[in-house]
Structures are given as structure tokens and as C-alpha cells.
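Welcome! Take a look at it below, and then we can walk through it together.

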Amino acid sequence: MPTISADDGCPLHVVVEGREGLPVLMLSNSLGTNLHMWDDQAPEFAKHFRLVRYDRRGHGKSGVPQGPYSMERFGRDVLSIIDALKIKTINWCGLSMGGMVGQWLGANAPNRIDKLVLSNTNFNYADKTPWSDRIKFVREKGLGELVGPNMERWFTKDFRGRAPHAITRMTEMFVATNPAGYIASCEAIRDMDFTASNPRVTAPTLVIVGKQDPATPPSAGEAIQKQIKGAKLASLDAAHIANVELPKQYTETVLNFLRA
């Protein structure tokens with residue numbers, strides 16, 4: 001479980017699993033979570049890939065430099081990690097914010113990406129107000145006051161009722177996030193716009209949408225699919241954190257695409 005320094009010195013917490021020599025799959029989690037968001041997928045993914053998970057700056061065990069952050073900054077962190085691990089190319093699976101970083105990588109580091117999975121994500125927010133409002137809320141009240149509404153966005157009512165242990169795990173992960181890192185990351189999401197750059201993405205791409213996702217609705221993923229030539233679309237009957245709500249189906253969807 002190494003700590004790798006980004007090009008600006010920020011320490012990044014990285015976990016590498018799976019056999020050396022296998023193709024590499026790198027996972028990137030959502031805002032307000034850490035690399036353990038992928039615990040349901042990691043054992044199966046590690047059978048087929050050299051698996052790299054990491055805590056994005058501002059999250060988990062990684063550093064929390066002063067913000068605001070940007071998608072370019074997050075993308076360059078990824079390049080620092082794979083350079084340090086002497087990895088030439090990766091497959092990428094990113095959910096929500098991880099999918100945003102994946103879009104930056106696909107357009108700006110195409111020679112490092114084999115295949116892209118962009119899950120439950122968006123490419124631009126024309127209306128910046130909700131993000132500015134969320135930043136103000138967290139500055140004034142902290143993440144604890146946000147966690148209830150956040151779980152309602154992340155998971156369907158049915159799942160919240162039948163999987164209390166999963167909700168507890170994700171709640172604890174969310175409230176453990178450093179508020180300064182969360183705010184700086186919100187600023188990056190608010191200000192991103194991949195409208196012009198997504199058509200430059202050439203890697204084979206799968207876009208995953210959640211049919212019941214209120215945070216990044218299916219229309220956002222469908223727009224990304226249209227922007228990236230040849231991209232495929234998969235729709236899962238879940239809300240925002242689809243890999244936790246439908247772990248087996250999510251794992252199979254990703255593996256079927258990556259191993260095709």
C-alpha cells in the first residue's frame with residue numbers, strides 16, 4: 001500500500017492488487033468516498049487485472065492541499081501514480097467524479113488509456129448554483145448535516161431499506177471525508193466542462209447510467225455517449241452509487257466490456 005507523491009508533492013494513497021503482468025485496471029471513486037467504495041468489486045477484478053485503487057487528493061488517506069482543485073489536477077495525479085508504478089497504459093473505471101477524471105484522461109492522455117468506463121457521471125453543469133450552494137452549506141454546517149440527503153441521492157429507497165449495513169458503511173465513509181478536500185473537489189466539479197474535449201476521446205468507451213440516478217441522470221450519460229465516437233451505453237436499475245447497489249451486475253457489466 002504505497003504512498004506516491006504527485007508532481008506538486010501531494011501524497012496519494014494507493015493500493016495495488018492482482019498478479020503482475022496482467023493488464024492494469026484503475027478504479028476511481030465518487031466525491032466523498034475513498035478507495036473502499038470498490039470493495040465489492042476488487043476481489044473479482046483482481047482475478048483478471050492488476051488492480052490499482054487510490055484515494056483522490058482531499059479524500060481518504062491522501063493529502064489535502066489547499067483548493068480549489070481542477071479536473072486537470074486530478075488527471076495529473078493519476079499520471080503521477082501510473083508513472084511511479086511504471087505502468088504504460090491502463091483501463092479506467094471511474095464512477096461519478098471518477099468518471100469526470102476519466103473524461104479528462106481520455107481526451108488529454110490518450111496514449112495511456114486502453115479502455116474507459118465512465119459510470120454515473122456528467123460532463124458539465126450549466127447551472128453552477130447548486131454546487132455553489134453545496135459548498136456554502138458544507139462550509140457553514142459540515143458534512144454531517146449533508147449525509148442524510150446524500151444517501152437519498154446515492155441509493156434508491158428500496159436499497160436503503162434492505163441494505164442497512166451498506167448504508168452505514170457509506171455513511172461512515174462520507175462523514176470521514178475532510179471538509180476542505182470535499183469543498184475543493186466540489187469546486188472542480190462545478191467548473192468542469194468536457195463539451196469540447198470529449199469528441200477527442202478515442203479509447204473504446206462504455207458509459208454506465210443508473211435508471212434511478214438523481215445526481216447524474218441518464219440523460220447526462222446519454223449525452224456523453226453521443227460525444228464520444230463509438231461509445232456504448234449500459235443502463236442499470238440503480239441510483240447513483242450503482243456499484244454498491246448492484247455489485248454483481250455492475251462487476252459483470254464492467255468485465256464484459258473490458259474483456260471483450
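Asp191 is partly exposed, with 49% of its relative accessible area; here buried means under 20%, exposed over 50%, and partly exposed in between, using a 1.4 Å probe and protein chains only. This is a predicted model, where local features need pLDDT of at least 70, side-chain atom pairs count only at pLDDT 80 or more, and totals for chains, interfaces and linings use all residues. Residues are numbered from 1 along each chain as its sequence is written, and side-chain values use heavy atoms, with hydrogens and water left out.

**Salt bridges overall**

- The structure has 17 salt bridges, each one being a side-chain nitrogen of Lys or Arg within 4 Å of a carboxyl oxygen of Asp or Glu.
- Asp191 pairs with Arg190 in a salt bridge, and their closest N and O atoms are 2.9 Å apart.
- A network of salt bridges links five residues by name: Asp7, Asp8, Arg57, Arg73 and Asp77.

**Arg53 and Glu17**

- A salt bridge joins the side chains of Arg53 and Glu17, at 3.1 Å from N to O.
- This pair links distant parts of the chain, 36 residues apart: Arg53 sits in strand 4 (residues 50-54) and Glu17 in strand 2 (residues 11-17). Helices (H or I, at least four residues) and strands (E, at least two) are DSSP runs, numbered from the N terminus.
- Arg53 counts as buried at 5% relative accessibility, while Glu17 counts as partly exposed at 25%.

**Asp40 and Arg169**

- The side chains of Asp40 and Arg169 also meet in a salt bridge, at 3.9 Å from N to O.
- Asp40 is partly exposed at 38% relative accessibility, and Arg169 is partly exposed at 25%.

**Cysteines**

- How many disulfides does the structure hold? There are zero, a disulfide being a pair of cysteine sulfur atoms within 2.5 Å.
- For Cys10, the closest cysteine sulfur belongs to Cys186 and is 17 Å away, so the two are too far apart for a bond.
- Cys10 is buried, with a relative accessible area of 5%.
- Cys93 is buried as well, with a relative accessible area of 0%.
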